[in-house]
Amino acid sequence: MGEMNNKNKKKLLLGNYSNIWKKLKPQVLMISTQLGYTFLYFITEASFNNGMNPHVYITYRHIVAALFIFPFAFFLERKQRPKLTFPLFVEIFILSLLGVGLTLNTYFASLKYTSPTFVASMVNTIASLTFIIAVVLRLEIINLRNSRGIAKVLGTLISLGGVMTMTLYKGPIVRNVWPPLIKIQGSNGSHEHWLKGSLLTVSSCITWSIWYIMQAYTLKRYPAQLSLTTWMSFIGGAQSAVFTVFVQHSPSAWTIGFDIDLWSILYGGVVCSGLIIFIQLWCTEQKGPVFVTMFNPVGTILVAILAYFVLGERLYTGSILGALIVIVGLYMLLWGKDGDEKVEMIISEEEEEEERNHIDHYNINAPKMKDNNNGLHVEP
C-alpha cells in the first residue's frame, strides 16, 4: 500500500513538473534565443573588424542555415508539409525579402558603423512597432476597460521610453572594475559613421516588425516551421547574393579563411538562422508575434553586461536606467499577455460547453427509431 502511494505521489509530482514546463516552455525558449543572439553580436563585430563584408556574411550564413535545416525539414515534416503553390511561394519570397534581404543586410551593416550595445538597444523598438502594427491589423485586442489591456499599452510605452533613455541619455560613465578580458581588434576604428549606422538600424527595425507580423499569417497557410525556415534561408541567401553582387565588386570579398570569419558564418547559420528562427516560428504560432518581440530587451541587457565586464566597453548610467525601465515595461506586457491567454482559454471552454449542450439537446429531442415487428417507425 505504501509503495502504491509513493508511485502515485511520483506520478503527481511528474505531472506537476510537466504542467509547469508546458506553461514556461515558450518563455524559456525565447530567453535561450536571446542568449544566442548576444554571442552573435560580438562574434560578427569581430569578423567585420577582421575585414568580412556584412552582405557576403549574410549570404554565406543563410546558405549554411538552409543546408543544415533541410534534412530535418525533409524527413520530419514530409506528412504535415502543405503543397507549395505559386501564390504561397510568392508570399514566402516576400517574407524572405523582409526577414533576410532587407532587414539583416541593413542590420549588420549598421553594426559595422555603430556598436553591439547600441544596435541591441535599438532592436527593442521592434516590440513596440510590432504591437502597434498588430493592433492596427487586429491581431492584438486592446480593452482599455480591462487592467490587462491597460498594462499592455503602458508596458509598450514604458519599454519604448526605456529604449529612448538608453539611446539618447548617456549620463556619467561607470568606471570599469577591471581591464577588458577580451580585446576585439579594430573595434574602435569602424564606428565613425554613427548617424549612418543609426538610420540603417531604424530601417531594419521597421522591416523586422513587418516580418514578424507576416510570419503569423504565413504560418496559418504553411504550418511547417522547419520547412518554412529552410525556404526562407534558401531564398533569402539568393536575394542577398544578388544584392551583394551589385554593391560589392571585389571577388576577394567572397574568400573565407579558416579564421573568425568562418566561425561567425557557421555560428550565425546553424544557431541563429537555423535553430533560433525555428524556435521563434514555433513561439509565434503558439503565442503570437508580439510575444516573440517582447524578449528583445533581455538581449539588450545581456549585451550591455557582456560588453562592460568582458570587453571593457564604456557603460553609462543612462544605459543602466534605461535597462531597468525596459524590464518594468517587459513585465507589464507579459502580465497583459498572460491575461489574454486566460481569457482565450475561458472562451474556448465556454464554446466547447455550448457545443456539448447543443449536441445533448439534439439527442434528447431527436426522433427515435423503434423496431415494431421487424418494421421501423419514428417515435416523436
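**Figure 1. Cysteines and overall make-up of the predicted model.** A search of the whole structure finds zero disulfides. The model shown is predicted. Among its cysteines, Cys-272 is buried, at a relative accessible area of 0%, and Cys-283 likewise counts as buried at 0% relative accessibility. The protein chain comprises 12 helices and four strands. Of its 380 residues, 43% are buried. Among contacts in the chain with a separation of 6 or more, 88% are between residues 24 or more positions apart.

**Figure 2. The largest nonpolar core and the surroundings of Leu-40.** The largest nonpolar core contains 60 residues. The members that touch the most other members are Leu-40, Tyr-41, Tyr-57, Tyr-107, Phe-108, Trp-211 and Leu-228. Helix 3 gives the most to this core, contributing nine residues. In soluble globular proteins, nonpolar side chains tend to be buried together. Beyond its neighbours within four places in sequence, Leu-40 is in contact with Tyr-57 and Phe-108, and also with Arg-61, Tyr-267, Gly-268 and Cys-272.

**Figure 3. The salt bridge between Glu-91 and Arg-221.** The structure holds one salt bridge. This salt bridge is formed by Glu-91 with Arg-221, whose closest N and O atoms are 3.0 Å apart. Because Glu-91 lies in helix 3 and Arg-221 in helix 7, the pair ties together parts that are 130 residues apart in sequence. Glu-91 counts as buried, at 13% relative accessibility, whereas Arg-221 is partly exposed, with a relative accessible area of 46%.

**Figure 4. Glu-77, a buried residue without a salt bridge.** Glu-77 is found in the loop between helix 2 (54-76) and helix 3 (86-113). Although buried, Glu-77 has no salt bridge. The side chain of Glu-77 is instead joined to that of Ser-227 by a polar contact of 2.7 Å. Leaving aside neighbours within four places in sequence, the residues in contact with Glu-77 are Phe-72, Ala-224, Gln-225, Leu-226 and Ser-227.

**Figure 5. Thr-201 in helix 7.** Thr-201 lies in helix 7, which spans residues 194-221. The relative accessible area of Thr-201 is 0%, and the residue is therefore buried. Not counting residues up to four places away in sequence, Thr-201 touches Ser-110, Phe-118, Val-119 and Met-122.

**Figure 6. Trp-263 in helix 9.** Trp-263 lies in helix 9, which covers residues 260-287. With a relative accessible area of 44%, Trp-263 is partly exposed. Trp-263 and Thr-44 are 219 residues apart in sequence, while their C-alpha atoms are 9.3 Å apart in space. Apart from its neighbours within four places in sequence, Trp-263 is in contact with Ile-43 and Phe-258.

Note on methods:
Residues are numbered from 1 along each chain as its sequence is written. This is a predicted model: local features need pLDDT of at least 70, side-chain atom pairs count only at pLDDT 80 or more; totals for chains, interfaces and linings use all residues. Side-chain values use heavy atoms; hydrogens and water are left out. Helices (H or I, at least four residues) and strands (E, at least two) are DSSP runs, numbered from the N terminus. Buried means under 20% relative accessible area, exposed over 50%, partly exposed in between (1.4 Å probe, protein chains only). Lys and Arg count as positive and Asp and Glu as negative; His and the chain ends are not counted. A salt bridge is a side-chain nitrogen of Lys or Arg within 4 Å of a carboxyl oxygen of Asp or Glu. A polar contact is a pair of N or O atoms within 3.5 Å; within protein, one must be able to donate a hydrogen and the other to accept it, and residues adjacent in sequence count only if both atoms are side-chain atoms. Contact means heavy atoms within 4.5 Å. A nonpolar core is a set of buried Ala, Val, Leu, Ile, Met, Phe, Trp, Tyr and Cys residues joined through side-chain atoms within 4.5 Å. A disulfide is a pair of cysteine sulfur atoms within 2.5 Å.
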